[in-house]
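Please open the model in a viewer and keep the sequence panel at hand.

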Amino acid sequence: MKMHIFLCIVLLVINACIVASITLKNDKAPVYENCTNPGQFVLTFDDGPNPRTTSIALKTLKEHNIKATFFINAVNYGNLEEDSRSIEMVKTIFEEGHDIGSHTYYHEDLFTAIQKGTMEINIDNMTDIIDNIIGVKPTFFRPPGGYGGYKEIEPEKIEMTEKIQKYLGSHGYNIIMWNTNTKDWSYKDDVDKVIENLNIQLKAPDVSPKTHSFIALLHDVHPTTVNNILPAVIEYVKDLGYKFVSLSECIEVSPYQGINFENKNDESSKLKNMENSTIPSINTNSSFSIQDNNSGSFSFISNIYNLNIIYYFIFIYLLLSIF
């Protein structure tokens, strides 16, 4: 009987460790602002789609064989509720192999959304509308204004940031910030000012492709950005010796839930959803395969739960043996 009691205690301890590991694994969404490897450069675009300008950005990206990431809203410059052109633009972004991330439903900064009680709606409804259009849920999230991704010092903002990151983490998201900003929305067609601003980070002392990587912030909704700034930034970054990569390759995380990322540096990849139904093939420098979450954490949790059930059966058997 003593041995049975001892085994029961061991199983209870193991179970407690399992629960603790699940809690830690599902705590807060990780925050990214640079790449895993030096020499990489990522172009990210916020606030779209805008049918009048996003198509121009896509054309330029295709000409240079660059895969970018588009953080989109449902209702902003475009309207994914009722505008077929906006919906088709999102499909085109996806089909051309670019990553699609969430930028909230109404482009409402999440600090304000928390105070209004609309944070969950802005996050969840955007996830659903992306899933409805392209058939997969995103794992990349960029908070409007960066609120929820910054390291805050004011107690109230720290508390709201914790709430945002925990909510996003529990919903399979990674927070994507940036470490260089074109300020294209401010400088408009002043390309020289944009390059001058990029120089602050990219030409800082001891910064080079051998030691640093960058995630750049642009906005595909402005005509001046897609016509003037984007081509200039591409040439500028190439001249510095950086390699353009997709965000998924940069941080080595799949852009979509239910799909595992594996960087194999090949010329083609294929997306499949959990039911093995068809999702458009895309050409990237990365490959994707089915898994239970973007980074494997859901698969980890699923396996742990299965193991947990086995432990419970053994535990019950031991208890019955004792009594």
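Begin with the crossing of helices α2 and α3, which is left-handed (the near helix is turned anticlockwise from the far one by less than a right angle; clockwise would be right-handed). The model is predicted: local features need pLDDT of at least 70, side-chain atom pairs count only at pLDDT 80 or more, and totals for chains, interfaces and linings use all residues. Residues are numbered from 1 along each chain as its sequence is written, and side-chain values use heavy atoms, without hydrogens and water.

Select residues 54–63 for α2 and 84–95 for α3; their axes come within 11 Å and cross at roughly 15°. Helices are DSSP runs of H or I with at least four residues, and strands are runs of E with at least two, numbered from the N terminus. Axes are lines fitted to C-alpha atoms, for helices over the stretch in contact, with angles from 0 to 180 degrees between N-to-C directions.

Next, display Thr54, Ser55 and Leu58 of α2, which meet Met89, Thr92 and Ile93 of α3 (contact means heavy atoms within 4.5 Å).

Move to Pro49, in the loop between β2 (40–48) and α2. The peptide bond leading from Gly48 to Pro49 is cis, with omega near 5°.

Then select Thr104, in the loop between β4 (99–102) and α4 (110–116). Thr104 is not a glycine, yet its phi is positive, near 80°. At 0% relative accessibility, Thr104 counts as buried (under 20% relative accessible area; exposed is over 50%, partly exposed in between, with a 1.4 Å probe and protein chains only).

Finish at Lys188, between α7 (184–187) and α8 (191–202) in a loop. Lys188 also has a positive phi, of about 55°, and is partly exposed, with a relative accessible area of 37%.
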